[in-house]
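I opened the notebook to look up surface features and charged pairs in this entry. The sequence and structure come just below, and my notes follow.

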Amino acid sequence: MAKLSTEELLDAFKELTLIELSEFVKAFEETFDVTAAAPVAVAGPAAGGAAPAEEVEEKDSFDVVLEAAGDKKIQVIKVVRELTSLGLGEAKAVVDGAPKAVLEGANKETAEKAKEALEGAGATVTLK
(Lines give C-alpha, C1' and ligand atoms only; values in the text may rest on other atoms or scores of the structure.)
Protein backbone atom coordinates (compact mmCIF):
# COMPACT_ATOMS: atom_id res chain seq x y z
CA MET A 1 0.00 0.00 0.00
CA ALA A 2 1.32 3.42 -0.91
CA LYS A 3 1.88 5.81 1.96
CA LEU A 4 -0.66 8.67 1.97
CA SER A 5 0.60 12.22 2.26
CA THR A 6 -0.67 14.49 5.00
CA GLU A 7 -2.70 16.38 2.38
CA GLU A 8 -4.31 13.14 1.15
CA LEU A 9 -5.17 12.13 4.72
CA LEU A 10 -6.74 15.54 5.40
CA ASP A 11 -8.79 15.27 2.22
CA ALA A 12 -10.02 11.86 3.36
CA PHE A 13 -11.00 13.26 6.78
CA LYS A 14 -12.91 16.12 5.13
CA GLU A 15 -15.21 13.51 3.57
CA LEU A 16 -16.24 12.09 6.98
CA THR A 17 -19.21 13.13 9.09
CA LEU A 18 -18.54 14.29 12.65
CA ILE A 19 -19.73 10.94 13.99
CA GLU A 20 -17.43 8.99 11.63
CA LEU A 21 -14.51 11.23 12.57
CA SER A 22 -15.26 10.76 16.27
CA GLU A 23 -15.31 6.98 15.78
CA PHE A 24 -12.01 7.18 13.89
CA VAL A 25 -10.39 9.14 16.73
CA LYS A 26 -11.57 6.53 19.25
CA ALA A 27 -10.20 3.70 17.10
CA PHE A 28 -6.91 5.58 16.59
CA GLU A 29 -6.57 6.11 20.35
CA GLU A 30 -7.22 2.42 21.03
CA THR A 31 -4.93 1.16 18.27
CA PHE A 32 -1.96 3.31 19.29
CA ASP A 33 -2.81 3.49 23.00
CA VAL A 34 -2.84 7.29 22.99
CA THR A 35 -5.32 10.00 23.91
CA ALA A 36 -6.01 12.89 21.57
CA ALA A 37 -6.46 15.16 24.61
CA ALA A 38 -3.07 14.23 26.11
CA PRO A 39 -1.19 17.38 24.98
CA VAL A 40 -3.78 19.57 26.69
CA ALA A 41 -3.67 17.50 29.90
CA VAL A 42 0.14 17.58 29.96
CA ALA A 43 0.35 21.31 29.22
CA GLY A 44 -2.04 22.22 32.08
CA PRO A 45 -0.05 20.92 35.08
CA ALA A 46 3.31 21.84 33.47
CA ALA A 47 2.25 25.48 33.36
CA GLY A 48 2.07 25.56 37.16
CA GLY A 49 0.27 28.64 38.43
CA ALA A 50 -0.79 29.84 34.98
CA ALA A 51 -4.46 28.93 35.42
CA PRO A 52 -5.72 32.53 35.05
CA ALA A 53 -3.83 32.86 31.75
CA GLU A 54 -5.66 29.82 30.37
CA GLU A 55 -8.98 31.61 30.75
CA VAL A 56 -7.74 34.41 28.49
CA GLU A 57 -6.66 31.96 25.77
CA GLU A 58 -9.11 31.24 23.01
CA LYS A 59 -11.19 28.14 23.57
CA ASP A 60 -10.57 25.25 21.21
CA SER A 61 -13.53 23.11 22.22
CA PHE A 62 -17.13 24.28 21.97
CA ASP A 63 -20.57 22.91 22.75
CA VAL A 64 -23.27 23.88 20.24
CA VAL A 65 -26.43 24.32 22.32
CA LEU A 66 -29.86 24.50 20.72
CA GLU A 67 -31.77 27.04 22.83
CA ALA A 68 -35.03 27.01 20.88
CA ALA A 69 -36.26 25.50 17.61
CA GLY A 70 -38.24 28.54 16.47
CA ASP A 71 -41.03 28.41 13.89
CA LYS A 72 -39.41 25.96 11.48
CA LYS A 73 -39.07 22.95 13.78
CA ILE A 74 -38.96 20.41 10.93
CA GLN A 75 -36.10 22.30 9.23
CA VAL A 76 -34.20 22.41 12.53
CA ILE A 77 -34.69 18.65 13.01
CA LYS A 78 -33.28 18.08 9.49
CA VAL A 79 -30.19 20.17 10.30
CA VAL A 80 -29.68 18.36 13.63
CA ARG A 81 -29.80 15.05 11.73
CA GLU A 82 -27.23 16.30 9.19
CA LEU A 83 -24.88 17.55 11.91
CA THR A 84 -25.11 14.51 14.17
CA SER A 85 -26.15 11.53 12.03
CA LEU A 86 -28.93 10.88 14.56
CA GLY A 87 -32.10 9.13 13.52
CA LEU A 88 -35.34 11.07 13.06
CA GLY A 89 -36.70 10.20 16.53
CA GLU A 90 -33.44 11.05 18.29
CA ALA A 91 -33.07 14.35 16.43
CA LYS A 92 -36.68 15.25 17.23
CA ALA A 93 -36.01 14.47 20.92
CA VAL A 94 -33.01 16.84 20.88
CA VAL A 95 -35.09 19.62 19.30
CA ASP A 96 -38.07 19.01 21.62
CA GLY A 97 -35.74 18.93 24.63
CA ALA A 98 -34.21 22.37 23.93
CA PRO A 99 -32.13 23.82 25.45
CA LYS A 100 -29.97 20.85 24.58
CA ALA A 101 -26.42 20.32 23.30
CA VAL A 102 -26.37 19.30 19.63
CA LEU A 103 -22.57 18.94 19.43
CA GLU A 104 -20.15 18.70 22.34
CA GLY A 105 -16.42 19.32 22.23
CA ALA A 106 -16.44 20.51 18.63
CA ASN A 107 -13.63 22.66 17.27
CA LYS A 108 -14.31 26.35 16.59
CA GLU A 109 -14.81 25.99 12.83
CA THR A 110 -17.20 23.03 13.17
CA ALA A 111 -19.12 24.74 15.97
CA GLU A 112 -19.53 27.95 13.97
CA LYS A 113 -20.69 26.06 10.85
CA ALA A 114 -23.20 24.11 12.96
CA LYS A 115 -24.45 27.33 14.56
CA GLU A 116 -24.88 28.98 11.14
CA ALA A 117 -26.74 25.95 9.77
CA LEU A 118 -29.09 25.77 12.75
CA GLU A 119 -29.72 29.52 12.76
CA GLY A 120 -30.34 29.34 9.01
CA ALA A 121 -33.11 26.84 9.76
CA GLY A 122 -34.65 29.27 12.27
CA ALA A 123 -33.22 27.98 15.56
CA THR A 124 -31.75 29.96 18.43
CA VAL A 125 -28.22 28.65 19.18
CA THR A 126 -25.40 29.46 21.59
CA LEU A 127 -21.81 28.29 21.69
CA LYS A 128 -20.41 27.44 25.09
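Where is the place of Phe32? I find Phe32 in helix α2, residues 18-32, where helices (H or I, at least four residues) and strands (E, at least two) are DSSP runs numbered from the N terminus.

Before going on I note that this is a predicted model, in which local features need pLDDT of at least 70 and side-chain atom pairs count only at pLDDT 80 or more, while totals for chains, interfaces and linings use all residues. Residues are numbered from 1 along each chain as its sequence is written, and side-chain values use heavy atoms, with hydrogens and water left out.

**Nonpolar patch.** I looked up the accessibility of Phe32 and found a relative accessible area of 53%, so Phe32 is exposed (buried means under 20% relative accessible area, exposed over 50%, partly exposed in between, with a 1.4 Å probe and protein chains only). Phe32 belongs to a nonpolar surface patch of about 480 Å², made together with Leu16, Phe24, Val25, Phe28 and Val34. Patches are made of residues with over 30% relative accessible area and no salt bridge, like charges being joined within 9 Å and nonpolar side chains (Val, Leu, Ile, Met, Phe, Trp, Tyr) within 5 Å; the areas come from the Shrake-Rupley method with a 1.4 Å probe, and for residues only the protein chains shown count as cover.

**Salt bridges.** I searched the whole structure and noted 5 salt bridges, each being a side-chain nitrogen of Lys or Arg within 4 Å of a carboxyl oxygen of Asp or Glu.

One of them joins Asp96 to Lys73, with the closest N and O atoms 2.6 Å apart. This pair links distant parts of the chain, since Asp96 lies in helix α6 (residues 88-96) and Lys73 in helix α5 (residues 73-84), 23 residues apart.

Asp96 also forms a salt bridge with Lys92, the closest N and O atoms being 2.7 Å apart; these two are 4 residues apart in helix α6 and therefore separated by about one helical turn. I recorded Lys73, Lys92 and Asp96 as linked in a network of salt bridges. Asp96 is partly exposed at 41% relative accessibility, as are Lys73 at 33% and Lys92 at 39%.

Another salt bridge pairs the side chains of Glu109 and Lys113, at 3.1 Å from N to O. Glu109 and Lys113 are 4 residues apart in helix α7 (residues 108-120), about one helical turn, and both residues are exposed.
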